[in-house]
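The sequence and structure come next.

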Amino acid sequence: MLDAAAVQAFLHREVVVEEKLDGANVSLWLEDGAVACGLRSGADAMDRAGQLGPLRAWVAQHDEPLRHVLADHAAVYAEWLLLSHSVGYDRLPSYLVVLDLWGPDGFATPDERTAVCAAAGLPVPPAVWRGVPGSVAAVEKRLGPSSFGPEPMEGVVVRAVDGRPPRLAKLLRAGFDQLDDAEWRRGRPHNRLSDAEASWR
């Protein structure tokens, strides 16, 4: 959490405001020459709702573009969107959307990340605004419907264009509720790809 002074300093820098996607946080890296993947809590963490198997299958199908990115970056951090969490999507560009790239010099800037991913054919979160917001209220105005479905977005991620710390902040929309474990035990429906991407899983 940032204190009030840090918030004001952050909001007076140029930022990119992106939709915060409601999925599972995952990471990808090269291990013994192969693309490996894991959930946010680590490679050996409990696989809640059976998401790791489909993720591994997706990674195997997209080995070439992922290797292209990981050749110069130690890790890819992404959102895995196969299962519907609190926000459902019906026109995803892919089940995996890249959030961050980690390399020898630290995290890539938003523009660097987007350029690398575009060259590899990997999607990044939708950008909803770019500029110097100046206030939390100005960021809140960017909250709206999801770019990937009919429901309100979970929130936004505000990324400093220059990548200097603090490099990002998150703002959840009012009223957003995460699913509890009872909901996960009942099972979750799958999100859907857009018609244009339905054959590119």
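How many residues does the largest nonpolar core have, and which have the most contacts inside it?

## Basis

The model is predicted: local features need pLDDT of at least 70, side-chain atom pairs count only at pLDDT 80 or more, and totals for chains, interfaces and linings use all residues. Residues are numbered from 1 along each chain as its sequence is written, and side-chain values use heavy atoms, without hydrogens and water.

## Nonpolar cores

The largest nonpolar core has 35 residues, and Leu28, Trp80 and Leu96 have the most contacts inside it. Elements that each supply at least two of its residues include strand E2 (24-31), helix H2 (52-61) and strand E4 (75-80). Another core, apart from this one, has 10 residues, including Phe10 and Val158. A nonpolar core is a set of buried Ala, Val, Leu, Ile, Met, Phe, Trp, Tyr and Cys residues joined through side-chain atoms within 4.5 Å; buried means under 20% relative accessible area (1.4 Å probe, protein chains only). Helices (H or I, at least four residues) and strands (E, at least two) are DSSP runs, numbered from the N terminus.

## Largest cavity

On a 1 Å grid over the protein atoms alone, a cavity is a set of points where a 1.4 Å probe fits but cannot get out; lining residues have an atom within 4 Å of a point. Points are joined across faces, edges and corners, and a volume is the space filled by probe spheres set on them.

The count comes to one cavity of 30 Å³ or more. The largest cavity has a volume of about 70 Å³, and its lining includes Asp100, Arg113 and Arg159.

Definitions and conventions
1 Å grid on protein atoms, 1.4 Å probe; cavity = no way out; pocket = protein on both sides within 12 Å on 5 of 7 lines; lining within 4 Å. Buried < 20%, exposed > 50% of the residue type's maximum accessible area, 1.4 Å probe, protein only.
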